[in-house]
Amino acid sequence: MEGEKPKTLVCTVLAINHTNLCYSVCAVCERTLPDNDPTSLCKFCNFNAFNSVSSASKRLFRVLMSIASDTKVFTVICFDRMAKVIFGCSADEFFDFAKLHPFAAVSASRILEGEMFKMTLSKPRNGNAQHLRVVSVVPLRTGFQPAIETLRKLYGK
C-alpha cells in the first residue's frame, strides 16, 4: 500500500489465523497483559493510588487474516472494534463459546473464508508493527451473518 492515506478496497477473506484470535487486557485501562499468566494484574492500575481495587482482565480481538483484492493479496490485522463486526460478539463471549466448542475458532475461520467485505486499510501507527490495520469493515453480501450466529446454528445453541 503506497502513501500514508488509508485505502478502501473490496476484498475477499482468504484465511484467518484461528490459533490466536484474542489477547488479554486490563479491564480498567486496556493495557496488554501477559498471555501466559491469566491471573496477572495490571502493573499500572495495581499500583495506581486512585484505584484501590485490583483490576480484572478482559479479552479483545486481534485477528490476523489474509485478504485478496482484485490486484493483490494482503496480510492484515483486525482489532477488536472491527472484528466485532465480523464475529458478531465480544472476544470474551467468543472465548467462552470456544471453551464449550473446541473447534469453534476453526469453524469460524472456515465460515468467513470467501466472504466479501469493503475494508479500509491503514499503515500501523506503531513503527514495530508489520501488518496493515483494518480500520473499517462493511460486509457486502446481503445475507451476511456474523460468525457467531452461524456457529450457534451449527452447534445448536
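Leaving aside neighbours within four places in sequence, which residues is A27 in contact with? They are A56, S57 and K58, where contact means heavy atoms within 4.5 Å. Before going further, a word on the model: it is predicted, so local features need pLDDT of at least 70 and side-chain atom pairs count only at pLDDT 80 or more, while totals for chains, interfaces and linings use all residues. Residues are numbered from 1 along each chain as its sequence is written, and side-chain values use heavy atoms, with hydrogens and water left out.

Back to A27, which sits in the loop between β2 (22–26) and α1 (43–46). Helices here are DSSP runs of H or I with at least four residues, strands are runs of E with at least two, and both are numbered from the N terminus. A27 and K58 are 31 residues apart in sequence, yet their C-alpha atoms are 5.4 Å apart in space. With a relative accessible area of 37%, A27 is partly exposed; buried means under 20%, exposed means over 50%, and partly exposed is what lies in between, using a 1.4 Å probe and protein chains only.

K58 also leads us to helix α3. D92, found in that helix, touches K58 and R59 when residues up to four places away in sequence are not counted. Like A27, D92 is partly exposed, at 24% relative accessible area.

A search of the whole structure finds 5 aromatic pairs. Rings of Phe, Tyr and Trp (its six-membered ring) pair if their centres lie within 6.5 Å; planes under 30 degrees apart count as stacked, over 60 as edge-to-face and the rest as tilted. One of the pairs joins F61 and F94, which is tilted, with 6.3 Å from centre to centre and 55° between the planes. Because F61 lies in strand β3 (residues 57–68) and F94 in α3, the pair ties together parts that are 33 residues apart in sequence.

F117 is in strand β5 (residues 116–122) and F144 in the loop between β6 (132–139) and α5, 27 residues apart. F117 is buried at 0% relative accessible area, and F144 is buried at 14%.

F94 brings us to the helix packing as well. In α3, F94, F97 and A98 meet A104, A105 and A108 of α4, and the residues of this contact divide into 6 nonpolar, no polar and no charged. For these classes, Ala, Val, Leu, Ile, Met, Phe, Trp, Tyr, Cys and Pro count as nonpolar, Asp, Glu, Lys and Arg as charged, and the others, Gly among them, as polar. Helices α3 and α4 (residues 104–112) pack at an angle of about 115°, with their axes 8 Å apart. Axes are lines fitted to C-alpha atoms, for helices over the stretch in contact, and angles run from 0 to 180 degrees between N-to-C directions.

What does α3 do with α5 (residues 147–155)? The two pack at an angle of about 20°, with axes 12 Å apart. That makes α3 roughly parallel to α5; angles under 35 degrees count as roughly parallel, over 145 as roughly antiparallel, 65 to 115 as roughly perpendicular and the rest as oblique. Here E93, F94 and F97 in α3 meet I148, L151, R152 and Y155 in α5, a contact of 5 nonpolar, no polar and 2 charged residues.

The axes of α4 and α5 come within 10 Å and cross at roughly 120°, which makes α4 oblique to α5. In α4, A104, A105, S107, A108, S109 and L112 are buried, and the buried residues of this helix pack against β1 (7–16), α2 (80–87), α3 and α5. After α4 comes G114, whose phi is positive, near 90°.
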